[in-house]
Amino acid sequence: MTYVAAHLDRIGALLGEHVVLVVSSLVVALLIALPLGIVAARNARAGGAILAVTGAIYTIPSLALLALLVAALGLGRITAIVALVAYAQMILIRGIVAGLRGVDPALVDAARGLGLTARQTLLRVEFPAALPVVLGGVRVATVSLVALATVAAWINAGGLGVLLFEGIGTNNPQKIVAGALAAAALAIAADLALRAAERAVRT
Amino acid sequence: MTSSSRTVSPNGGARVELRALGVRYPNAAAAAVHDVDLTIEAGEFAVLLGPSGCGKSTLLRTLNRLVEPTSGTVLIDGGDVRERDATELRRGIGYVIQAVGLFPHYTVAENVSIVPQLLGWDRARIDRRVDELLALIRLDPAEYRDRKPRQLSGGEAQRVGVARALAAEPRVLLMDEPFAAVDAIVRASLQDEIARVHRELKTTVVFVTHDVDEALRLADRVVVMNAGHVVQTGPPGEILERPADDFVRHLVGVDAETRRLATERPLIER
């Protein structure tokens with residue numbers, strides 16, 4: 001591990017890029033998935049269509065999707081974020097739909113009967129009750145994005161994938177191992193943190 | 001605790017009138033509620049009694065517009081409920097359901113204060129009200145305020161459900177099989193509590209049950225329903241002594257027979 005010892009700064013910088021890539025993708029993905037998930041949970045037909053489309057996107061191989069997006073958007077971080085956002089949709093929407101559909105109907109009946117509006121019922125009752133399941137989706141999506149984001153280096157979007165591609169190009173196994181271990185550590189850390197969050201919101 | 005419960009002033013009750021009320025669900029063969037005329041006097045404890053599917057819950061839910069009638073009118077204090085905003089109407093009517101439906105991520109105090117909060121009461125008034133109500137339903141505020149619903153027994157949870165429904169001083173309290181999910185001993189104590197609360201607050205209570213004993217025990221007036229119709233209304237004694245038809249006789253009588261058999265069975269088994 002002499003490589004790691006000698007290049008801590010660089011690994012740290014790439015790790016930082018990786019985190020930025022994943023977190024910004026996740027934020028954008030959630031902004032899209034929340035309204036889509038709410039619609040999908042309320043309306044069976046729309047839900048079927050939304051899950052079919054996002055499910056289809058999820059099956060596209062990541063390299064193929066990146067290649068297609070590069071043709072449209074060019075190289076760089078934005079293209080990578082678009083790809084990661086697209087991949088996260090299915091996992092996030094499934095979590096939101098499962099969470100909202102799993103809310104005890106008695107809670108909704110009580111909320112409506114007490115005089116909460118549909119919006120107040122969603123925000124104050126249904127969403128908090130669904131939150132552990134929704135966060136489960138966020139956790140799975142995050143771990144997937146940490147892994148997927150390594151491929152982003154291939155289109156000049158930076159991150160820990162840089163170490164992997166450089167290691168492959170220069171036949172430097174230490175670099176590959178360093179990149180892989182850093183990505184794995186990040187995924188495990190994210191998983192643990194989000195599991196703790198899930199426990200914290202579980203009533 | 002009795003001293004603090006005395007601080008809850010009677011809300012008084014509203015008069016509830018149903019005129020030629022009908023509810024037909026889409027695609028249903030028969031009407032769930034058929035041409036019901038019924039007046040519940042201000043402050044009365046009315047119990048809608050009947051077998052499951054007789055339309056009693058549907059009828060109850062037209063009062064706070066969770067179900068919209070397909071014909072007829074619901075008047076509360078003389079005003080047509082359909083002329084009022086449904087949300088605002090519901091905030092003035094207490095609602096208690098069998099499954100309780102306490103919000104699991106809120107504390108007891110937060111659950112109880114949800115309607116006052118929606119109505120924009122100030123913090124101090126809400127805090128006072130929560131303590132008053134917990135005392136009224138005989139849960140020590142100091143001990144129960146900050147508990148989460150999962151830390152309550154079934155009986156305690158439904159007491160909180162009642163407190164939540166009473167929080168904004170409603171003049172009508174709707175209760176849909178509120179005690180059906182708890183065991184017999186807890187049910188008896190909850191029945192005592194709601195009878196006492198009703199005596200203290202003079203709120204109009206409309207209470208749905210399929211349990212004849214419960215109806216006879218709590219009601220000022222029993223409203224017997226079958227297949228969407230009201231078949232008899234009257235004080236408990238009158239329902240027992242002069243059932244209007246075979247259905248009512250059967251409903252009240254079979255129950256008496258069941259009770260008799262239940263007490264005899266141990267003898268037979270011996």
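**Close-up views of a predicted two-chain model**

**Figure 1. Pairing of strands β6 and β7 of chain B.** Strands β6(B) and β7(B) run parallel and are joined by five bridges. Within this pair, Gly94(B) lies opposite Leu173(B) of β7(B). The model shown here and in the following views is predicted. On its other pairing, β7(B) is linked to strand β8 (residues 204–209) of chain B, again in the parallel sense and over five bridges. Here Leu174(B) faces Val206(B) of β8(B) as its opposite residue. Strands in a sheet pair through hydrogen bonds of the backbone, in either a parallel or an antiparallel manner.

**Figure 2. Burial of strand β7 of chain B.** Five of the five residues of β7(B) are buried, so the strand is largely enclosed by the rest of the structure. Val172(B), Leu174(B) and Asp176(B) point one way from the strand, whereas Leu173(B) and Met175(B) point the other way. In a regular strand, side chains alternate between the two faces of the sheet. The residues on both sides of β7(B) are buried, including the charged-type side chain of Asp176(B).

**Figure 3. The six-stranded sheet of chain B.** The sheet is open and mixed in its pairing, with the strand order β6-β7-β8-β3-β9-β10 in chain B. Its edges are formed by β6 (93–97) and β10 (229–234) of chain B, each of which pairs on one side only. Neighbouring strands are turned against each other by 15 degrees on average, direction ignored.

Figure 4. Helix α8 (residues 154–166) of chain B lies across β6 and β7 (172–176) of chain B and runs at about 160 degrees to β6(B). The loop between α8 and β7 of chain B contains Ala168(B). Apart from neighbours within four places in sequence, Ala168(B) is in contact with Arg91(B), Val115(B), Pro116(B) and Leu119(B). The C-alpha atoms of Ala168(B) and Gln117(B) are separated by 9.3 Å, although the two residues are 51 residues apart along the chain.

**Figure 5. The largest nonpolar core.** This core has 137 residues. The residues with the most contacts inside it are Leu84(A), Ala88(A), Ala46(B), Val47(B), Leu48(B), Ala163(B) and Val206(B). Helix α5 (residues 77–101) of chain A supplies the largest share, 14 residues. Leaving aside neighbours within four places in sequence, Leu48(B) is in contact with Lys56(B), Leu59(B), Leu60(B), Val206(B), Val208(B), Val223(B) and Met225(B). In soluble globular proteins, nonpolar side chains tend to be buried together.

**Figure 6. Packing of helices α7 and α9 of chain A.** The helix α7(A) packs against helix α9 (residues 173–201) of chain A at an angle of about 175 degrees, with the axes 9 Å apart. The two helices, α7(A) and α9(A), are therefore roughly antiparallel to each other. Residues of α7(A) in the contact include Leu131(A), Leu135(A), Val138(A) and Val146(A), and those of α9(A) include Leu186(A), Ala190(A), Leu194(A) and Val201(A). By class, this contact has 14 nonpolar, two polar and four charged residues.

**Figure 7. The contact between chains A and B.** Chain A contributes 14 residues to the contact and chain B 18 residues. On the side of chain A, the elements giving two or more residues are α6 (105–114) and α7 (118–148). The largest share of that side, seven residues, comes from α6(A). By class, the side of chain A that touches chain B has eight nonpolar, four polar and two charged residues.

Figure 8. Val252(B) is located in helix α12 (residues 246–269) of chain B. With 21 C-beta neighbours inside 10 Å, Val252(B) counts as buried. Not counting residues up to four places away in sequence, Val252(B) touches Val212(B), Ile239(B), Leu240(B) and Pro243(B). Asp131(B), in helix α6 (residues 123–136) of chain B, is partly exposed, with 18 other C-beta atoms within 10 Å.

Conventions. Residues are numbered from 1 along each chain as its sequence is written. Chains are lettered from A and ligands numbered from 1 in the order in which they are written. This is a predicted model: local features need pLDDT of at least 70, side-chain atom pairs count only at pLDDT 80 or more; totals for chains, interfaces and linings use all residues. Two strands pair if DSSP finds at least two bridges between them. Helices (H or I, at least four residues) and strands (E, at least two) are DSSP runs, numbered from the N terminus. Axes are lines fitted to C-alpha atoms, for helices over the stretch in contact, and angles run from 0 to 180 degrees between N-to-C directions. Two residues are in contact if their C-beta atoms, placed from the backbone, lie within 7 Å. Angles under 35 degrees count as roughly parallel, over 145 as roughly antiparallel, 65 to 115 as roughly perpendicular and the rest as oblique. A nonpolar core is a set of buried Ala, Val, Leu, Ile, Met, Phe, Trp, Tyr and Cys residues joined through C-beta atoms within 7 Å. A residue is buried if 20 or more other C-beta atoms lie within 10 Å of its own, exposed if 12 or fewer, and partly exposed in between; C-beta atoms are placed from the backbone.
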